[in-house]
Amino acid sequence: MTQPQPIHTTHIPGRVRVLTGAKPTADLHVGNYFGAIRPAIEASHDPAKEVILMCVDWHGLTDRAKILEPGKFSASLLATYLTMGFSLENNMVILQSEIPEIPEMAWYLSCVSAVGLLERAHAYKDALGSGKEPTVGLFNYPILMASDIVTFDAQVVPVGKDQSQHLEYASDMVKLFNNAVGRPVLFEPKAEIQPTPLLIGIDGERKMSKSYGNHVPLFAPKKEIEKKIKEIKTDSKGLDDPKDPESCAVFQIMKSFGSKEAIAYMEERLRQGTGYGYGHAKKDLIDEHERVFGSKRELYEHYLNSPRELAQVLAPSHQRARTIAATVRQRVRDALSLGIL
Ligand code: ADP
Ligand code: TRP
């Protein structure tokens, strides 16, 4: 922390508030589970943390051509976190567009941020460079993200390396705001850059990503999962040859979600080779996928088909989140002498 923090914060003593943002997209896959979903679920079981998992649907709107997508996929993202065991006890799972304090905060931050700062943002520069006509929404993306963070007095924000500039911007905006009003009002967040390596896709070459079509979905029908796993590219080693697990995509994917036992078994059998070919490894991976995700498919679909129940389960989260947001909002409005009373 480089500057004094607000005295009156909304934190619970002994718990660090961690905020994670996840964009709603189609077809969540094992790579997402490994890199984003599982770490957040694990954090939700840590008694020293208060985790806010926010589905950032507003962030998904910045591309005009895909403006109808976030609304369609939010429920699937929220249902996935709940199904896979995110603990709501002392934590929150929320939808960004349910929190009107966020865009209000974005306005305040936009009034202390220079245009030049946003012009240097990677995502905006990339969009310009590729000949697209960026929307104002895309230009303002870093401000909205900083608002997500400061609206909840977030202390720690775990992100991938690609998000580090956004976190630097959030800190810059906090400093600019606090300096402008002459006292610490907003809480400065700390980025926690995730060490998780990228999971390889079924082509055995590139990172698993739905844009490459090399992904293994989480809750697709069993037949589809089997087909994807059978397509995993392997080398030409025979049934009885010893095989190197580290260079085997089947094993890498097993490592990303399998139980300790399933991982250890596959590793040992591959190394020994004898009587254990890639077909066997794929069969074991299919079984483990079915055990970890397939067995929860019904619960996942239940949430998807009962939006009312999903909303009910999340109601206490939204209530608590809005209480925090209202407190921070009032702090900011007081600092700016806004309002009549
Ligand atoms: P995709 O590449 O399929 O479009 P996203 O970019 O929507 O996936 O990913 C959302 C989050 O999921 C990322 O921020 C990252 O944390 C995680 N993630 C995605 N792909 C991988 C991967 N191959 N390995 C590890 N984590 C991943
Ligand atoms: N920009 C992030 C991404 O693309 C998503 C995000 C939006 C976010 N708001 C956030 C992440 C707040 C952490 C905290 O992955």
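I began with the surface, where Leu61, Ile67 and Leu68 form a nonpolar patch. I noted about 290 Å² of accessible area for these three residues together. The model I am reading is a predicted one.

Leu61 sits in the loop between strand 2 (49-55) and helix 2 (69-83).

**Entry on ligand 2**

Which residues surround ligand 2? I listed Leu19, Gly21, Lys23, Val56, His59, Tyr141, Met145, Asp148, Val157 and Gln163.

I next looked up polar side-chain atoms beside the nitrogen atoms of ligand 2. Tyr141 has a polar side-chain atom 2.7 Å from a nitrogen atom of the ligand. For Asp148, I found an N or O atom of the side chain 2.7 Å from a nitrogen atom of ligand 2. In the case of Gln163, the distance from a polar side-chain atom to a nitrogen atom of ligand 2 is 2.9 Å.

How much of ligand 2 does the protein cover? On its own, ligand 2 has 370 Å² of accessible area, and the protein covers 89% of this.

I also asked which elements supply the shell. Strand 1 (16-22) and helix 6 (136-151) are the elements that each give two or more residues to the shell. Helix 6 contributes the most, with three residues.

**Entry on backbone angles**

Asp27 belongs to the loop between strand 1 and helix 1 (30-44). I classed Asp27 as partly exposed because its relative accessible area is 40%.

Asn90 also is not a glycine, and I noted a positive phi of about 70 degrees for it. Where does Asn90 lie? I placed Asn90 in the loop between helix 2 and strand 3 (92-95). With a relative accessible area of 43%, Asn90 is therefore partly exposed.

I keep two points for review. Tyr141, Met145 and Asp148 are among the residues around ligand 2, and Leu61 is part of the nonpolar surface patch with Ile67 and Leu68.

Methods:
Residues are numbered from 1 along each chain as its sequence is written. Chains are lettered from A and ligands numbered from 1 in the order in which they are written. This is a predicted model: local features need pLDDT of at least 70, side-chain atom pairs count only at pLDDT 80 or more; totals for chains, interfaces and linings use all residues. Side-chain values use heavy atoms; hydrogens and water are left out. A residue is near a molecule or strand if one of its heavy atoms lies within 4 Å of it. A polar contact is a pair of N or O atoms within 3.5 Å; within protein, one must be able to donate a hydrogen and the other to accept it, and residues adjacent in sequence count only if both atoms are side-chain atoms. Accessible areas come from the Shrake-Rupley method with a 1.4 Å probe; for residues, only the protein chains shown count as cover. Helices (H or I, at least four residues) and strands (E, at least two) are DSSP runs, numbered from the N terminus. Patches are made of residues with over 30% relative accessible area and no salt bridge: like charges are joined within 9 Å, nonpolar side chains (Val, Leu, Ile, Met, Phe, Trp, Tyr) within 5 Å. A salt bridge is a side-chain nitrogen of Lys or Arg within 4 Å of a carboxyl oxygen of Asp or Glu. Buried means under 20% relative accessible area, exposed over 50%, partly exposed in between (1.4 Å probe, protein chains only).
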